[in-house]
There are 4 protein chains.
Amino acid sequence: MRDNKPLRSEMGWSSRDKITVRGHDLTTELLGKIDLGGMAWLEITGRFPTPAEAEVFNALLITLVEHGMTPQAISSRLISVCAPEAMQAAVAAGLLGVGSVFAGGSEQTARLLQTALAGTEARADLQALATDIVEDHVRRKVPVPGIGHPVHKPIDPRTPVLFAIAEKNGFRGRHVALLEAICATAERKLNRSLPINATGAIGAVLSELGFPWRICRGVAIIGRAVGLVGHVAEEMRNPLAYEIYERVEHEVMVNATTERP
Amino acid sequence: MRDNKPLRSEMGWSSRDKITVRGHDLTTELLGKIDLGGMAWLEITGRFPTPAEAEVFNALLITLVEHGMTPQAISSRLISVCAPEAMQAAVAAGLLGVGSVFAGGSEQTARLLQTALAGTEARADLQALATDIVEDHVRRKVPVPGIGHPVHKPIDPRTPVLFAIAEKNGFRGRHVALLEAICATAERKLNRSLPINATGAIGAVLSELGFPWRICRGVAIIGRAVGLVGHVAEEMRNPLAYEIYERVEHEVMVNATTERP
Amino acid sequence: MRDNKPLRSEMGWSSRDKITVRGHDLTTELLGKIDLGGMAWLEITGRFPTPAEAEVFNALLITLVEHGMTPQAISSRLISVCAPEAMQAAVAAGLLGVGSVFAGGSEQTARLLQTALAGTEARADLQALATDIVEDHVRRKVPVPGIGHPVHKPIDPRTPVLFAIAEKNGFRGRHVALLEAICATAERKLNRSLPINATGAIGAVLSELGFPWRICRGVAIIGRAVGLVGHVAEEMRNPLAYEIYERVEHEVMVNATTERP
Amino acid sequence: MRDNKPLRSEMGWSSRDKITVRGHDLTTELLGKIDLGGMAWLEITGRFPTPAEAEVFNALLITLVEHGMTPQAISSRLISVCAPEAMQAAVAAGLLGVGSVFAGGSEQTARLLQTALAGTEARADLQALATDIVEDHVRRKVPVPGIGHPVHKPIDPRTPVLFAIAEKNGFRGRHVALLEAICATAERKLNRSLPINATGAIGAVLSELGFPWRICRGVAIIGRAVGLVGHVAEEMRNPLAYEIYERVEHEVMVNATTERP
C-alpha cells in the first residue's frame with residue numbers, strides 16, 4: 001500500500017452555507033470590499049494589500065493589459081475565428097505567448113535585481129553592483145534585461161510614471177535604484193539609448209513589493225488575460241483575423257507558385 | 001492581386017512617446033486612475049465604468065476568482081509540475097476548462113434571460129415568461145441554466161449578496177427579476193430546492209450591466225485567470241500535484257495488474 | 001469519510017521491467033511492429049487495425065496533416081516567436097483552433113450520418129433519408145455539414161481518392177452512400193456546386209470504420225498536431241510570423257492615427 | 001510606408017483542383033502511399049524517409065505515445081470533463097505539459113550529444129568526451145540528461161530495443177556510443193544504477209537520424225498528442241477524472257477545516 005502524503009491547500013474551500021477564500025468569508029469579507037487588483041494580491045500573497053500596495057500593484061497590472069495588436073492578440077483572434085464556441089481556447093492561445101520574448105522581461109529583471117541584492121546590506125554600493133552586472137552581460141554578449149526598447153526612445157513613457165506612483169507610495173527603493181544604475185552604466189558603456197523599459201520597471205517595482213521573481217510572470221499573465229478577452233470581444237464585433245489569414249495564405253500561395261522554375 | 005480590406009482596431013497602439021489604450025493615453029489618463037476591474041470594463045466596453053458599475057462589476061469578477069481545488073486548478077498545478085519554466089502554459093491548461101460545464105453557466109443564463117426579454121416591453125409579464133421557460137426545459141428534459149447547486153442548499157450564499165450589491169447600485173432590474181421568477185416556478189413545479197446559483201446570478205447581473213451574452217464567458221475567464229495564477233503560485237510554495245499524480249498512477253496500476261484473471 | 005470509487009484505466013502502466021500499452025508489451029509486441037497510424041488506432045479502439053483498416057485510417061490522417069497557412073498554423077508560428085523555449089505551447093496554440101469552423105466538419109458529418117442511419121435496416125431508402133436531411137437543413141437555414149468548399153469546385157480532389165481507398169479496402173458502405181445522396185440532392189435542390197469536401201469524406205469513412213462521431217475530432221487533432229509541429233519547425237528555419245505581426249500592428253496603428261478627425 | 005518582406009513557406013498550398021504538401025501532390029503522391037509516421041518525417045524534414053529511416057522513426061514515435069496516467073493525461077481528462085464540447089482544449093491542456101521535466105529529456109540529451117560531437121572527427125575519443133561531460137555535470141551538481149530512471153532499474157527495457165532497431169537500420173552511430181560511454185562513466189563514478197532511459201535513447205537516435213536538437217521536442221509532442229486523444233476517448237467511455245477531482249477537493253476541505261485551531 002502506498003503511503004499517501006496529505007493534500008493541504010490554503011486557497012479556498014466551501015461548505016453548504018459558506019465559501020472561504022484565502023481564509024476569508026467570500027460573502028461577508030470580500031464581496032463589495034475589495035477590487036479585482038486587490039483580489040489578485042490576496043490570491044498570490046495570502047493577505048490584503050495596504051492601500052499603498054493596492055495602488056502600486058493596480059498600476060503595474062494595468063500597464064500589462066493592452067499592448068495593441070501583439071502576436072498574442074493576433075493568435076487569440078485567429079483561434080476565436082476557428083472555435084467561436086470556445087472563447088477560453090482563444091484567450092488561452094494568446095496567453096501561451098506570455099513567454100521569454102514579449103513578457104518575460106519582468107521576470108528576468110526581477111531575477112537579476114533580487115539575485116544581486118540578496119544578502120547585501122542596505123548601504124551596498126549599487127554602482128559597483130551595476131558595473132559588475134553590465135560588464136558581465138557585455139562579456140557574455142547577452143542583453144541586460146529590463147533596458148532598451150525598439151520604439152520608445154530615449155525613454156519609455158511608462159517608466160517615469162510607474163516609478164512616480166511607486167515613490168508616492170513608498171516603494172521606490174533599492175531595486176529601482178539598482179536598475180537605474182544599470183541603465184546609466186549600460187548607456188555610457190555602450191554609447192546608445194537603453195531606457196528602462198516598462199517590463200523592466202515592473203520587475204523592479206514588483207521586487208520592491210516583495211514578489212519573488214518566480215511569480216512575476218503570473219502578474220503579466222493576469223494583465224494579458226484581461227487584454228486578450230478585450231481583443232476577442234472586439235473580434236466578435238469587428239472581425240479582422242479572417243482577413244489576416246486570407247492575406248497570408250494568398251501571398252504564400254502566390255509566392256510559392258510563381259517563383260518556382 | 002487580392003483586394004485587401006483595411007485592418008482597423010480600437011484596442012490600442014503606440015508611437016515613440018505615447019501609448020494609447022482604448023482611446024486614452026495610458027500614462028496620463030489610466031495609470032494611477034483606474035483599478036484592474038475598471039480596466040477590464042474599459043477593455044470590453046470601450047468606456048470607463050461609473051462608480052456604481054465598477055462596484056458591481058468588481059463584485060462579479062471577485063466571485064469568479066477562487067473556487068478551491070477545481071478540475072481547472074488541479075490541471076494548472078499538474079502542468080506546472082511538468083513545465084515549471086512556462087507558467088503561462090500551466091495557467092492556460094486550467095483556463096481551457098472554462099467551458100460549458102463549470103463556468104459556462106453565466107453565459108447560458110445570460111443568453112436565456114436576454115433572449116427572453118429581447119423586444120419585450122418594460123411591463124412584460126415576467127411570471128408568464130418564467131412559466132414558459134420552465135415548461136419548455138422540463139419538456140426537453142434539460143436543466144434550466146442558473147438554478148440548482150450540488151452543495152449550496154437551500155440557497156447559494158453568494159446570490160443574495162450579489163443581488164444586494166446590484167440593487168444598491170441600481171442594477172437589480174428585469175433580468176434579475178425574471179431569473180427569480182424562473183427559480184420560484186421551477187422549485188414549485190419540480191418540488192425541490194433549486195436556488196439561483198452564483199453563476200446564474202452573475203449572468204443575470206451582467207445582463208443588467210448591458211453585457212451581451214456572448215461576452216459573459218470572458219468575465220469568467222478573467223476571474224479564473226487570477227485564481228489559477230494563485231494556485232500555480234501556491235504549488236511553487238506547497239507542491240501537491242505530484243502527490244495527486246502518483247496516487248492516481250499507483251491506483252490504476254494496482255487495479256490493472258491485480259484484477260486481471 | 002468519502003466513499004471512493006476505484007480508478008481503472010486500460011491505457012497503460014509500467015513496472016520495473018515492463019511497459020504495458022493497451023494490454024500489449026511495448027517492447028516485444030509494439031516497437032518495430034506497428035507504425036504511428038496503427039498506434040493511433042490501437043490507442044483509440046483498443047485493438048490492432050487490420051491491414052485494410054490501417055491503410056484507410058492512415059489515408060484519413062494524412063489528409064488532415066497539412067493545409068498550408070491556416071489560422072491554426074499562423075497562431076502556432078506567432079506563439080513560437082513569443083515563447084521559443086516552449087514548443088509545446090506553440091503547437092497547443094494552433095491546436096486550440098481545431099474547433100467547429102475549420103476542422104469540426106468531420107465530427108458534424110459523422111454525427112449526421114450516424115444519427116440518420118442508427119437503427120435503420122441495411123436496405124433503408126438512402127434517397128429518402130437524404131431528401132429529409134437536406135429539406136430539414138434548408139428549412140432551418142443552416143448549411144448541410146460535409147458538402148461545399150470555397151476553393152475546390154466542382155469537386156474537392158481529395159474526396160474521390162479517399163473514397164477509392166475506402167472502396168479498395170471494403171469500407172465504402174452506407175455512410176458514404178448516404179453522403180453522396182445528400183450531396184446530389186442538395187446540388188439539385190439549391191442549384192449550385194456543393195461537392196463532398198474532404199472533412200465530409202473523412203467523417204463518412206470514419207463512420208464506416210466504426211468510429212463514434214464524438215471521437216472524430218480526435219482524428220483531426222492528431223493530424224493537425226503533426227502538421228503544426230512541421231510549421232513550428234519551418235518557423236525556426238524560415239521565420240515569417242514576426243513579419244506578419246509587424247505588418248498588422250503597423251497597419252492598425254496607421255489606420256487608427258490617420259483616420260481620426 | 002512599411003517595406004514588407006515577402007512571406008514564403010514550403011509547407012503547403014492549394015488551388016482549385018490540386019493540394020500541394022511539401023512539394024508533393026497530396027492526392028497522387030501521398031494518399032495511400034505513406035503512413036502517418038512517414039508523413040511526420042516529411043513535414044519536419046521536407047523529404048520522404050527511406051524505409052530504414054521510417055522504421056526507426058516510427059519506433060521512436062510509438063515509444064512516446066502512451067505512458068499511462070501521467071500528469072498530462074490527468075490534465076487532459078480533467079479538462080475534458082469541464083469542456084466536453086471542445087476536445088481540442090482537453091488535448092491541448094495535457095500537451096502543455098510536454099515541458100522540461102517529463103518529456104524534455106530527449107531534447108536535452110540530443111543537445112548534449114550534438115554539442116559534444118559538433119566539429120569532432122569520426123575517430124574522436126568518445127571516452128574522453130564522456131568523462132569531461134560527467135565531471136562537468138558532477139561539478140555543477142546537475143543531473144546528466146538521458147540517464148537514470150525512478151522505476152526502470154537496472155535497465156530501462158525500451159533502450160536496448162530502440163538501439164537494436166536503430167542498429168538493424170544502420171543508425172547506431174557515434175551519438176549512441178557517446179551516450180553509452182556517458183552512462184558507464186556516470187555509473188562508475190557515482191556508484192549507482194543510472195541506465196540510459198527511453199527519452200535519452202530517443203534523443204541519441206534522433207541525433208543519428210539527423211534531427212537538430214531544437215526540433216526533438218516536436219517528436220515528443222506528436223507522440224503525446226496521439227496518446228492524449230486516446231485518454232480523452234477513454235474518459236468518454238470510462239470517466240474517472242471527476243472522481244479524482246472530488247477526492248482532492250474533499251481531502252483539501254477536510255484537512256483545512258479540521259486542522260485549524
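Reply: Copies are superposed by least squares on the C-alpha atoms of residues with pLDDT of at least 70 in both. The model is a predicted one.

Me: Which residue of chain C comes closest to the rotation axis?

Reply: Chain C is superposed on chain D by a rotation of 180° with 0.0 Å of shift along its axis, at an RMSD of 0.0 Å. That is the relation of a two-fold axis. At 2.5 Å (C-alpha), the residue of chain C closest to this axis is C:Ala92.

Me: What percentage of the interface residues of chain C are also interface residues in chain D?

Reply: The copies meet through the same surface, because the share of chain C interface residues that are also interface residues in chain D is 100%.

The relation between the two chains is that of a two-fold axis, and the share asked for is 100%.

Me: How many salt bridges are counted between chain B and chain A?

Reply: Contact between these chains involves 85 residues of chain A and 84 residues of chain B. About 7000 Å² is buried between them, 68% of it on carbon and sulfur atoms. One salt bridge joins the side chains of B:Glu246 and A:Arg2 at 3.1 Å, N to O. The count of salt bridges between chain B and chain A is five.

Me: Which helix gives the largest share of the side of chain B that touches chain A?

Reply: Between chain B and chain A, 31 residue pairs are in polar contact, both at pLDDT 80 or more. On the chain B side, the residues divide into 42 nonpolar, 20 polar and 22 charged. The largest share of that side, 14 residues, comes from residues 216–237 of chain B, helix H11.

Definitions and conventions:
Residues numbered from 1 in each chain as written. Chains lettered and ligands numbered in written order. Heavy atoms only, no water. Contact = heavy atoms within 4.5 Å. Buried area = accessible area lost by both parts, 1.4 Å probe. Salt bridge = Lys/Arg side-chain N within 4 Å of Asp/Glu carboxyl O. Polar contact = N/O pair within 3.5 Å; in protein donor to acceptor, adjacent residues only side chain to side chain. Helix = DSSP H or I, 4+ residues; strand = E, 2+ residues; numbered from the N terminus. Nonpolar A, V, L, I, M, F, W, Y, C, P; charged D, E, K, R; others polar.
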